[in-house]
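This report accompanies a single protein chain and is meant to be read beside its sequence and its 3D model. Please keep both in view while following the account below.

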Amino acid sequence: MPENIAPQKLDVTIRINGKTYARKIEPRTLLVEFLREACDLTGTHVGCDTTYCGACTVLMNNLAVKSCTVFAVQADGADIITVEGLEKNGKLHPIQKAFGDSYGLQCGYCTPGLMLATHQLLAENPEPDEKQIRKAIAGNTCRCTGYVNVFKAIELAGRNMKGASVGD
Ligand code: FES
Ligand code: FES
């Protein structure tokens, strides 16, 4: 490629799961690509790349976003939580535990995104009813479970976390 049309690279620094990652990237790099390819955090999945499936959901400054819809440069300076950031010191986060205990997954491809969407829901509403759960995960597609056990997992996570902060 001639030098004058070589892609421009920008410096981006993002705090992910409490650790700072500084990288030089092309402006077109999506946040999900930054996570998976530049930072080797492959727990965030790509299902559609078109903002439909929610497999790529992460928390950006405590709000659930579809990371295939955010350019990494837009996350410069942000705090990101991915599924790798839920477990602490070898102990599963209550949301992770509830998904396991309730059999809220089968292939697991959608699960990281669902757990981060759940994280935001429970931060805002620790005791969601089924209608509120359905609304909160409307942007997360699961092709395996039929959602019944996903709803149970989210209700259980809410019950288990009563009185605790979602960051626990
Ligand atoms: S990969 Fe982002 S919504 Fe499907
Ligand atoms: S568990 Fe397979 S897509 Fe949800």
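Lys162 and Glu127 are both exposed (over 50% relative accessible area, where under 20% is buried and anything in between is partly exposed, with a 1.4 Å probe and protein chains only). Their side chains meet in a salt bridge at 3.5 Å, N to O, a salt bridge being a side-chain nitrogen of Lys or Arg within 4 Å of a carboxyl oxygen of Asp or Glu. This pair links distant parts of the chain, since Lys162 belongs to the segment after H5 and Glu127 to the loop between H3 and H4, 35 residues apart. Helices (H or I, at least four residues) and strands (E, at least two) are DSSP runs, numbered from the N terminus.

The model is predicted, and local features need pLDDT of at least 70 while side-chain atom pairs count only at pLDDT 80 or more, whereas totals for chains, interfaces and linings use all residues. Residues are numbered from 1 along each chain as its sequence is written, chains are lettered from A and ligands numbered from 1 in the order in which they are written, and side-chain values use heavy atoms, with hydrogens and water left out.

**Salt bridges**

Side chains of opposite charge can pair when their charged atoms come close. Searching the whole structure gives five salt bridges, among them the three tabulated here.

| Pair | Distance, N to O |
|---|---|
| Asp11 and Lys24 | 3.1 Å |
| Glu26 and Arg28 | 2.6 Å |
| Lys162 and Glu127 | 3.5 Å |

The side chains of Asp11 and Lys24 meet in a salt bridge. Because Asp11 lies in strand S1 (residues 10-16) and Lys24 in strand S2 (residues 19-25), the pair ties together parts that are 13 residues apart in sequence. Asp11 is exposed at 55% relative accessibility, and Lys24 is exposed at 53%. Arg28, the partner of Glu26, is also exposed, with a relative accessible area of 62%.

**The two domains**

The chain is divided into domain 1 (3-85) and domain 2 (94-160), with bounds that come from an automatic or database domain assignment. The centres of the two domains, taken over C-alpha atoms, are separated by 23 Å. Contact, meaning heavy atoms within 4.5 Å, joins 18 residues of domain 1 to 13 residues of domain 2.

The size of an interface is often given as the accessible area lost when the parts come together. Here domain 1 and domain 2 bury about 1,200 Å² between them, with 58% of it on carbon and sulfur atoms; buried area is the accessible area (1.4 Å probe) that two parts lose on being put together, summed over both. His45, Leu59 and Val83 supply 37% of the area that domain 1 buries against domain 2, more than any other three residues.

Which kind of polar pairing crosses this interface, salt bridges or polar contacts? The rule finds zero salt bridges there, but it does find eight residue pairs in polar contact, both residues being at pLDDT 80 or more. A polar contact is a pair of N or O atoms within 3.5 Å; within protein, one must be able to donate a hydrogen and the other to accept it, and residues adjacent in sequence count only if both atoms are side-chain atoms.

Helix H3 has 14 residues and reaches 20 Å from its first C-alpha to its last, close to the 20 Å expected at 1.5 Å a residue, where the expected span is 1.5 Å times one less than the number of residues. Twelve of the 14 residues of H3 are buried, and their cover includes strands S3, S4 and S5 as well as helices H2, H4 and H5.

Thr118 lies in H3 (residues 111-124) and is buried, with a relative accessible area of 0%. The side chain of Thr118 reaches the backbone oxygen of Leu114 at 2.7 Å. Not counting residues up to four places away in sequence, Thr118 touches Ile95, Phe99 and Ile154. Ile154 is among the buried residues of H5, and the buried residues of that helix pack against H2, H3 and H4.

**Loop residues**

Asp49 and Thr51 are found in the loop between H1 and S3. Asp49 has a positive phi of about 70 degrees although it is not a glycine, and Thr51, likewise not a glycine, has a positive phi of about 70 degrees. Asp49 counts as partly exposed at 42% relative accessibility, and Thr51 counts as partly exposed at 39%.
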